[in-house]
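Please open the model in your viewer and keep the sequence panel beside it. The stops below say what to select next and what is there.

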Amino acid sequence: MQGPIYRLLAGAAALALSAPAALSQELTIFWAEWDPANYLQELVNEYEAETGVVVTVETTPWQDFQTKAFTEFNARGSAYDMIVGDSQWLGAASEAGHYVDLTEFFNANKLGEIMAPATVKYYAEYPGNSGKYWAVPAEGDAVGWSYRKDWFEDPAEMEAFKAKYGYDLGVPQDWKQLIDIAEFFHRPDQNRYGIAIYTDNSYDGLVMGVENALFSYGGDLGDYATYQVDGILNSEKSIEGLEAYRKLYSFTPPGWSKTFFVENNQAITEGLAAMSMNYFAFFPALVNPATNPNAANTGFFANPKGPYGDQFAALGGQGISIVSYSENQEESFKFLEWFIKPETQKRWAELGGYTAHAATLESEEFRKATPYNEAFFQTMFMVKDFWAVPEYAELLTAANARLYPFIVGGQGTAKEVLDALTADWVETFKKYGRVQ
Amino acid sequence: MTRLRSDTRAAARGLSDLSIRNLFILPTITFLIVFNVFPLIYSLYTAFTDYRASTSAPANFIGLANFRELLGDPYIWRNFTITAKYVVISVTGQVIVGFGLAMLLNRPIPLKGLITTLLLLPMMMSPAVVGLFWKLLYDPSFGIINYFLGLGKFEWLADPQMALYAVAIVDIWMWSPFVMLLSLAGLSAVPKHLYEAAEIDRAGAFYTFFRITLPLVAPILMIAIIFRTMEAFKTFDHAYILSTQPTTELIAIRLYKMAFLEWQTGLSSAFAYIVLIVVVAITNIYVKYLNKAKAR
Amino acid sequence: MAEVKTRGEVFFNRVAIVAVVFAIIVMLTPIFWIAATAFKPRNLATTAPPTVLFEPTLSPFAKLFTKRSQLREPVPEETYAAAPWWEKLVFDGGEQVVRNRKTGEATSSGYGNRYMNSLIVSIISTALAVSMGTITAYGFSRFRMPGESDWLFFILSTRMLPPVVVAIPMFLMYRAVGLYDTHAGLIILYTAFNLSLAVWIMKGFIDEIPREYEEAALVDGYTRLQAFFRIVLPEALTGIAATAVFCFITAWNEYAFALMMTSKTAQTAPPYIPSQVGSGLSDWTVIASGAFLFLVPVAIFTFLLRNHLLRGMSFGAIRK
């Protein structure tokens, strides 16, 4: 009677003692399923080699990423220790208490200085200008442009262009040139079209595309600190920017009504368009000759400036946050300390991650590493993002509902659209008590 | 509770009819009740609150505010009309194509089994994959529809008016086999002697069809229509991938955006219950027709 | 009585066959296109105009089963030469197979596991749904049940709500009960989901079977249960086959709940197949190969049941 019980107790004790040790040696990072997640997994394997802590990057397809992440948070699950979340989630996740406050960590490690300022502002800080930080910028991203160098450098084309527009054909220096070039190359009877832009209105594709025009024309989406929208979203400059985007739509291939990064890359690989907008994260596919038959002839440029000298690009990218329900928060902090080291950031860039580390971005080595890194470097210092408030998705829905019929369907005028959208957004802000 | 005629004799052997009835029916009903009760109550409760599943803020009871917001929203009405139009086009198309195919197949033809299996293939693919590939097929530059039909640059999904039909065509393509299979089963159950009798009486094809074939296939066909209508109201997967134009925003798409993109959980539950009431009403009518058809 | 066909009948028969062939062509062209894409080299999948004739390759399948990342620089000669045939195909596609750092093993994409999960979950849930559905339908058909039409309507209504709405409470329920990410969880879910279809379709078929047969059997001394198993079930085989096919297809292709209720252990294939996005280009060939392979079990299952599906009812002799 006593024998077995003694053995049972001993066994239980041994189990109890060994369990915590086993638990603390594993970390899980949750991300979307794409190449950067593979690169991150390679990177964290080096962390394991150094410290013995096993880090797994768990992934799920992009379209389900948000759903899975927030459902897990809602259930206060500890399945993920860290998450590489979208910049737009900052508001929702921090206000709901899903993210651990990283302000101390930020200030202690002077992250505000060593990461590119725009990334700190948009990937990490919420509310705007509050000095509270929730994520470490990990994967920088923004919208850039690819183009067919061979079409641009063809002497016959250059001559015809100069004759028609009066200046040399080359990488567009501003939006007027962008529109001219798109018009010039738009030849439907030859199955060649001027440009490929984002039109997917199921989530944020269309809005991100429009942002590139809006911001560069000097317009804006509102004041992120005071939530003022009227007079900013529907300002003269915003209207002009929206009209420019509409103009570009007329130079897109047929059926270009629900396009995002897949279709826009296809426009280049299949030789459909002369220029194509896309997030930098998707450009590696364009320089790979196996996936892009036109790889050798594909060039890249940053979003050009507008007529009034403003130059901005829509921001993408994600930052790593620690999940409040994780059982390994201390271990996660240690990981982040390792992640932000210059050597690690350099290695991250080498493996293919789009580092947000300012010094790495500025280095000659980085800028020359790929055909698009130079444009990326330029762009990362002039990015602007959408609202990061928790109700951002409702703002997106309203924007999609108003912008789409105008841009793709040609209904209404830019002024009407932006006035209506302003009213919608003010409604939403009132609903959530941000304005009176 | 009435007992069947043969009960008294059968009762001596084996289980009584009552026990069999309970044994056969109760487990299923119990299982379904237990399984569905929590989600239904949960959704019903959240419909009256301002709960958002992405935050940890508690749910506040707000009475009928969600319902008022929905019923006053012009976009919601448009979603309903679009969905209604879609359901009509899609189910009608499925019935015509499905039943038509069944009529064609209801005769001795070689390789009938193989042909039937082949015609069932569209139904066997995952709707998400179907949506992805049809998007490619409809594309004027990359797709084979315009290519094979010589339609040049005809816009399917980009045209606001055409888009809904394009989505409905995919639905018809995918689900006609469902109607076809059920109709075929129903058609082959029509007793041959009825046809022989009609032939002897020199009945024409129309008479035979409307007075003999249709009434006898009607019950099974109605069941097919009921289920396809219910599913058409829930259409999401392939429609969302094909087109997110305002003119093709079906109820389920709007519901998804509300629930999982905007995280307005309370509002979306309210919306779902409004939809449920509509579907229950429509299905009720169909079931009455079904019972009438069976009674003949 | 010999069957004498009129000329009109023969003509109509021929027209019908032509119409059937036409229908097959129209209905199957998209499927054929998907199947063709599954064997194309990547750069031919989305050409403008579409490529109809091409040289088939197995590279999409090689890519389907492996986890890959983009090649950032050309492959060294020796590595290429030493690679197995499927890895060579991946290299040709501009990608490399992700290998485990320590063991050097190629990382699986997980498609195979998910495929197995799909098989397990679908087969078991179909068997459960069909059996429970059949006996319940029999119960409702042959016996009086108080509130029968209400119960039947209730069963029907379990399939009326879009999955989106019940996803969150289901998720919470499953987490609380410990069914999250388990095979049993999905099986139970799909059974519940398919029950309404099974009950209603089987009731439709069983209603058509004349009761006189069972009455006669009972008079002859059979018990009700024996009458059910020996008389009703064989006659209802067509309905059972059709129901089995529909239930299997529904469970096999289900996406929304498979995504929400599972993650690593029990996830099935449908949430995985469309996700071959990689770094900026949808690899249509891999999606097509995944979809193509996924189609095979369903097609085989249906084909095996074809005779039962077409059997119809054999007893037209008794008039109702």
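How many residues of chain C are in contact with how many residues of chain B? Select both chains: 82 residues of chain C are in contact with 90 residues of chain B, where contact means that the C-beta atoms of two residues, placed from the backbone, lie within 7 Å. Before going further, note that this is a predicted model, in which local features need pLDDT of at least 70, side-chain atom pairs count only at pLDDT 80 or more, and totals for chains, interfaces and linings use all residues. Residues are numbered from 1 along each chain as its sequence is written, while chains are lettered from A and ligands numbered from 1 in the order in which they are written.

**Chain C against chain B**

Stay on the side of chain C that touches chain B and colour helix α1 (residues 7–37) of chain C, which supplies the largest share of that side, 13 residues. Helices (H or I, at least four residues) and strands (E, at least two) are DSSP runs, numbered from the N terminus. Coloured by class, this side of chain C shows 60 nonpolar, 15 polar and 7 charged residues; here Ala, Val, Leu, Ile, Met, Phe, Trp, Tyr, Cys and Pro count as nonpolar, Asp, Glu, Lys and Arg as charged, and the others, Gly among them, as polar. The domain assignment of chain C gives domain 1 (7–37) and domain 2 (111–311), with bounds that come from an automatic or database domain assignment, and the centres of these two domains of chain C, taken over C-alpha atoms, are separated by 30 Å.

**Chain B**

Within chain B, confidence is lowest in helix α1 (residues 7–10), at a mean of 50, and highest in helix α4 (residues 74–105), at 93. Next, select helix α10 (residues 205–233) of chain B, which has 29 residues but whose end C-alpha atoms are only 35 Å apart, short of the 42 Å that a straight helix would reach at 1.5 Å a residue; the expected span is 1.5 Å times one less than the number of residues. At B:Ala218, α10(B) bends by about 50°, and a proline, B:Pro219, follows within four residues; the bend is the angle between axes fitted to the seven residues ending at a residue and the seven starting there.

**Chain A**

Turn to chain A, of which 29 residues are in contact with 28 residues of chain C. The largest share of this side of chain A, 4 residues, comes from α13(A). Of the 9 residues of α13(A), 8 are buried, a residue being buried if 20 or more other C-beta atoms lie within 10 Å of its own, exposed if 12 or fewer, and partly exposed in between, with C-beta atoms placed from the backbone. Among the buried ones are A:Phe261, A:Glu263 and A:Ile268, and just after α13(A) comes A:Gly271, with a positive phi of about 65°.

Finally, select helix α9 (residues 155–165) of chain A, where A:Phe161 is found. This helix, α9(A), is hardly covered, with 1 buried residue among its 11, yet A:Phe161 is buried because 20 other C-beta atoms lie within 10 Å. Leaving aside neighbours within four places in sequence, A:Phe161 is in contact with A:Leu169 and A:Phe184.

Terms used:
pLDDT is the predictor's confidence in each residue, from 0 to 100.
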